[in-house]
Amino acid sequence: MPNPTNHRLRQFVDECEPVTGTLPFVHITNTYNFNNITAEDIISTRKCSFFKQELIYLFYGRPSYRTKIASKDSLSFDWPVVFIMDEQKLLSQIFRIFPFDTGAFFSGRYNNFFDRESKIDDFELPPSIDYVRKYIGALYQGNYEYITGSSRKNVNISIDNFEAAGLYELAREPANPTSASRTPADERASAIEIQMNQPIKIKGCLTGIVVPERFFDVEKWVKSIERWNPKYIEKYSIINTAQPEFFAGQVYMAVIKILKESGHLK
């Protein structure tokens, strides 16, 4: 008999104090899709194989989605591109919020943290940035600790709040990247996922963008970025002999730089 949806996590978050301030919404795509985006100046929805709906996936404050990474980094189609969106201008478009990467949940990557009978609905938060701020306040000492991906906060969680307890462990997991018995530890595990079910018009919503430095060899891409007019533009280097983690690290540092310059992180 299936378990009904429970609201333990929501009740836990309800009782917590929110952190100060907000963070932008972050969308990552690859260069192939970026080329298509420039044709219409919108980020379009795509059919999600898990939810069976047309959705756009963003993360709160973190560039947490990784592209598949081509076998040869000299092939440009898979280079990551990061859109940093003004959260205040997209509040009305929030469709659903989850405290982790739902794709990883459906793929069983969190089985060491939650019971296998857990349902995705048990983790859904109301589509409000206020709940996001409360959730971060529950498990982290502030936005910077959330961004860097490792909670150091002491949290008292009831032993029967299985969802909150598992999420707390996920929030601390990236601090232990050598653990072989748990899900692979990186910043994606504890990133807050924001779903939208409408296209996003880029112009007027784009705060910053992170692109490979070689983008500026392509005139139509340069014109698109000029047309969108983001306040912050950061570039990263393509080094063919580097491992994927090298690109992820560059992208992450570029995003943190933008968050600091825009006043989102102190």
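**Notes on the predicted model**

1. Ser190 is buried, with a relative accessible area of 4%; buried stands for under 20%, exposed for over 50% and partly exposed for what lies in between, with a 1.4 Å probe and protein chains only. Ser190 sits in the loop between α6 and β7 (193–196). Its side chain makes a polar contact with the side chain of Arg62 at 3.2 Å. Such a contact is a pair of N or O atoms within 3.5 Å; within protein, one must be able to donate a hydrogen and the other to accept it, and residues adjacent in sequence count only if both atoms are side-chain atoms.

2. A word on the basis. This is a predicted model, in which local features need pLDDT of at least 70 and side-chain atom pairs count only at pLDDT 80 or more, while totals for chains, interfaces and linings use all residues. Residues are numbered from 1 along each chain as its sequence is written, and side-chain values use heavy atoms, with hydrogens and water left out. Helices (H or I, at least four residues) and strands (E, at least two) are DSSP runs numbered from the N terminus.

3. Helix α4 (residues 129–139) has nine of its eleven residues buried, so it is largely enclosed by the rest of the structure. Among the buried ones are Tyr131, Arg133, Tyr135 and Gly137. Their cover (contact: heavy atoms within 4.5 Å) includes α1 (8–14), β1 (25–30), β4 (54–60), β6 (94–98), α5 (143–148) and α6 (162–172). At the start of α4, a side-chain oxygen of Ser128 comes to within 3.1 Å of the backbone nitrogen of Asp130.

4. Which residues of helix α7 (residues 219–228) are buried? They are Trp221, Val222, Ser224, Ile225 and Trp228. These cover an arc of only 160° around the axis, which puts them on the same side of α7; the arc is that of the directions from the helix axis to the C-beta atoms. On the other side of α7, Glu219 and Glu226 are exposed. The buried residues are covered by elements including α2 (31–40), β5 (80–85), β9 (206–212) and β10 (232–236).

5. Asn229, which follows α7, has a positive phi near 55°, and at 57% relative accessibility Asn229 counts as exposed. Lys52 has a positive phi of about 60° although it is not a glycine. Lys52 lies in the loop between β3 (46–47) and β4 and is exposed, with a relative accessible area of 58%.
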